[in-house]
Amino acid sequence: MKLHRHNNGGGVSLAGLFVILLPLIFPTLFTPLGHASPSVFSEWNAPKPMHSRLLKSALRGQTSNGKQSELWTPLANQGWKPCVESTPTITLPKQSQGYLQVFLDGGLNQQRMGICDAVAVAKILNATLVIPHLEVNPVWRDSSSFMDIFDVDHFINVLKDDIYVVKELPSQFSWSTREFYATAIRETRVKTAPVHASADWYLENVLPVLQSYGIAAIAPFSHRLAFDNMPMEIQQLRCKVNFKALSFVPHIRALGDALVSRLLSPPTDIEMVGTKYLRKVTNTEGTLGAGKFAVIHLRFDKDMAAHSACDFGGGKAEKLALAKYRQVLWQGRVLNSQFTDEELRYQGRCPLTPEEIGLLLAAFGFDNTTRLYLASHKVYGGEARISTLRKLFPLMEDKKSLTSAAERVQIKGKASLLAAVDYYVSMKSDIFISASPGNMHNAMVGHRTYQNLKTIRPNMALLGQLFLNKSMSWSEFQQAVVEGHKNRHGELRLRKPKQSLYTYPAPDCMCIA
């Protein structure tokens, strides 16, 4: 009897031990659906090239000197010049109507647009702007503040003749915090601002709050100011904020300058000793593209890959993993998922993979001597997915390859600061190209148009159709790419109704030279 009971207890003990060890032996069985880890399926495994025929030809291809020379030639003067220097016709009132707070979500470039709009709304209301609060990004989980990213003293000084700006609220309003508004309905919070609201809407709905309480907090605020039917003074002020007042903090600029300097140096003449980079000066005269570099923004993170609902060559396992990820993040409410991959590519809705952006660059005439800088945060699939792009462009660099760990310590793990460095380097490049439309693409198109810099805008619908054609030869592909991208290299386009002046700065931010 005792023996029987003893054996039973041992069985129970073994069973208990098995239950404890089971999650360690089979971890995916105990992982939430959204984290049933696509990486276990295919995310970190190098997929086979989707366009192997084109890739083989591109790797063998040579670019003529004439084509290389044309590629790096700066844009000609287009007859427009920056025009945002404000000459206020009305003196800034001695007293404002109260304090204006805004809470901005999104990534760096969406927040940047929100800051510009916040200044404009403060001007409309004659309010004192409190330095905007940047929400923690739910994807990147970065808690960087305005003052962590932008030079706040420069910001205030540039705008001193336009609006009042304070770094923080005076003590009598110290209760007005993000936490205060998150716990209950508050009379000082305005949360009904419509997307692209008019100036009159703010005068009718926000000004009374300011006048009654001395403070108004607007949340949400992204995209809450119209681009049309605005006084020219307000439009020019938005331009002034974007192109003049928003300057990155000194350590971002210093790191950006170091990256640019190293990109402009011959790659064989840069070496790292300890945590210091040393540079030997050599004669690079006669090398086409020497002293020049291009930036590619590879917008290909896991969220983008999943939300697009496109096929990226990882097979059934990858499709299943991305479908599960979609289900958890968006509960299946993804418009693209109702279309086939062929339909999505034909409509230009699929982001370019690293392989495809590489083939596009090769078709333009970039080759294995081209100095590239990769501006991106986390690429879906990591280095395995980038390997094909690196085969085409072995001189491709990024923040990690060009700097020491000690130099990156202030930006490590901070998505907004990493994006700020990429933004700064992108603005210093000879050519910029983005793998797909988005906030970074739009910000670069607008800022580089303002400075008349070459910026290639991929024709997504054309490229989707070309990549669907598996029988196309390299010469046919190259010709179609070149012809399909005429007038897409940074040529100025005037803003149309409802379009953003941050993407199309003329004529609001520019005037005829």
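The legends below describe close-up views of one predicted model. Residues are numbered from 1 along each chain as its sequence is written. Local features need pLDDT of at least 70 and side-chain atom pairs count only at pLDDT 80 or more, while totals for chains, interfaces and linings use all residues; side-chain values use heavy atoms, with hydrogens and water left out.

Figure 1. Strand β11 covers residues 372-375. Helices (H or I, at least four residues) and strands (E, at least two) are DSSP runs, numbered from the N terminus. Leu372 and Leu374 point one way from β11, Tyr373 and Ala375 point the other way, and all are buried. Here buried means under 20% relative accessible area, exposed means over 50%, and partly exposed lies in between (1.4 Å probe, protein chains only). Two strands pair if DSSP finds at least two bridges between them. Strand β10 (residues 294-297) runs parallel to β11 and is joined to it by 4 bridges. Within this pairing, isoleucine 296 has leucine 374 as its bridge partner. Strand β12 (residues 396-397) also runs parallel to β11, with 2 bridges between them. Tyrosine 373 stands opposite glutamate 397 in β12. From β11 the chain passes through helix α17 (residues 382-392) to β12, a right-handed β-α-β crossover. A crossover is right-handed if, with the strands pointing away from the viewer, the path from the first strand over the helix to the second runs clockwise.

**Figure 2. Two nonpolar cores.** A nonpolar core is a set of buried Ala, Val, Leu, Ile, Met, Phe, Trp, Tyr and Cys residues joined through side-chain atoms within 4.5 Å. In soluble globular proteins, nonpolar side chains tend to be buried together. The largest core has 83 residues, and those with the most contacts inside it are Phe155, Tyr202, Ile218, Val241, Phe248, Tyr373 and Val425. Helix α5 (residues 108-125) gives the most to this core, with 11 residues. Apart from it lies another core, of 48 residues, including Leu71, Ile296, Tyr325 and Ile386.

**Figure 3. The surroundings of valine 425.** Contact means heavy atoms within 4.5 Å. Leaving out residues up to four places away in sequence, valine 425 touches Gly256, Leu259, Val260, Leu263, Phe293, Val295 and Tyr373.

Figure 4. Side chains of opposite charge can pair when their charged atoms come close. A salt bridge is a side-chain nitrogen of Lys or Arg within 4 Å of a carboxyl oxygen of Asp or Glu. By this rule the count comes to 16 salt bridges. In one of them, arginine 385 meets glutamate 318, with the closest N and O atoms 2.4 Å apart. Arginine 385 is in helix α17 and glutamate 318 in helix α14 (residues 315-330), so the two partners are 67 residues apart in the chain. Arginine 385 counts as buried because its relative accessibility is 6%, and glutamate 318 is buried at 2%. Another salt bridge joins arginine 345 and glutamate 356 (3.3 Å, N to O), and both residues are buried.

Figure 5. Glutamate 397 and arginine 371 form a salt bridge through their side chains (2.9 Å, N to O). Glutamate 397 is in strand β12, whereas arginine 371 is in the loop between α16 and β11, 26 residues apart. The relative accessible area of glutamate 397 is 16%, so this residue is buried. Arginine 371 is buried too, at 6%.

**Figure 6. Pairs of aromatic rings.** A pair of aromatic rings is described by the distance of the centres and the angle of the planes. Rings of Phe, Tyr and Trp (its six-membered ring) pair if their centres lie within 6.5 Å; planes under 30 degrees apart count as stacked, over 60 as edge-to-face and the rest as tilted. The whole structure has 17 aromatic pairs. Tryptophan 72 and phenylalanine 366 are edge-to-face, because their planes are at 90°, with the centres 5.7 Å apart. Tryptophan 72 lies in helix α4 (residues 65-72) and phenylalanine 366 in the loop between α16 and β11, so the pair ties together parts that are 294 residues apart in sequence. Phenylalanine 150 and phenylalanine 248 are stacked, at 5.6 Å centre to centre with 15° between the planes.
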